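Reader: Hey, I'm new to this one. Can you walk me through it?

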Amino acid sequence: MVIVKLNPINKDDLKVGDVVGVAREIRCGWGTSFRHVMVYPVKIIRMTPKRTKIETDIGEHDKHETFYKYDSEAIKEREMAKKFKKIIDGVYAIEDFKSRRGLGAIKDEDLDALSEHINAVAEILKKY
């Protein structure tokens, strides 16, 4: 397991024009989220003198938002979250296909590739 340590930034040290990271959870079910977060790089556009509202290129953030250094650790965290998001999307696509069309709808020319990939996924999942 990769342990990533995000580095929070003191809001008093922020300046207009700084590029910082904003972390968002990756949801993976009802009331649960993945252990890695998606860290988005944002540029600070404007902020109030007391730093209660900070506007970035993705929106406005209140005084409770935590900003992180967008460094190599934040990039690692983002990459782990991106990989997990791809897995979630793939699982949902399989579930949607099964419920709408059924596995019997798979064409003969796709059987070789699909059986190889699905068995590789199954072998990984057997470890858990």
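Predicted model: local features only at pLDDT ≥ 70, side-chain atom pairs only at ≥ 80, totals over all residues.

Reader: Ok, what volume does the largest pocket have?

Author: About 560 Å³. A pocket here is an open set of points on a 1 Å grid where a 1.4 Å probe fits, with protein on both sides within 12 Å along at least five of seven lines, and lining residues have an atom within 4 Å of a point.

Reader: Which residues lie nearest its centre?

Author: Ile87, Val91, Val121, Ile124 and Leu125, out of 17 lining residues. The lining of the largest pocket splits into 13 nonpolar, one polar and three charged residues.

Reader: And which helix gives the most to that lining?

Author: Helix 1, with eight residues. Helix 1 covers 72-100 and helix 2 covers 108-126, and each supplies at least two lining residues. Helices are DSSP runs (H or I, at least four residues), strands are E runs of at least two, and both are numbered from the N terminus.

Reader: What lines the second largest pocket?

Author: Ile94, Phe97, Leu103, Ile106, Leu114 and Ile118. That lining is six nonpolar residues, with no polar and no charged ones, and the pocket's volume is about 170 Å³.

Reader: Switching topic: which residues form the nonpolar patch on the surface?

Author: Val121, Ile124, Leu125 and Tyr128, with about 480 Å² of accessible area together. Nonpolar side chains are joined within 5 Å, and areas use the Shrake-Rupley method with a 1.4 Å probe.

Reader: Why does isoleucine 124 count as partly exposed?

Author: Because its relative accessibility is 47%, and partly exposed lies between buried (under 20%) and exposed (over 50%). Isoleucine 124 sits in helix 2.

Reader: How far is alanine 122 from lysine 43 in space?

Author: They're 41 Å apart, C-alpha to C-alpha, and 79 residues apart in sequence. Alanine 122 is in helix 2 too.

Reader: Last one: where does arginine 51 lie?

Author: In the loop between strand 2 (38-47) and strand 3 (54-56). Arginine 51 has a phi near 65 degrees, a positive value in a residue other than glycine.

Terms used. Residues numbered from 1 in each chain as written. Heavy atoms only, no water. Points joined across faces, edges and corners; volume = space filled by probe spheres on them. Nonpolar A, V, L, I, M, F, W, Y, C, P; charged D, E, K, R; others polar. Patch = residues over 30% accessible without salt bridge, like charges linked within 9 Å, V, L, I, M, F, W, Y side chains within 5 Å. Salt bridge = Lys/Arg side-chain N within 4 Å of Asp/Glu carboxyl O. Buried < 20%, exposed > 50% of the residue type's maximum accessible area, 1.4 Å probe, protein only.
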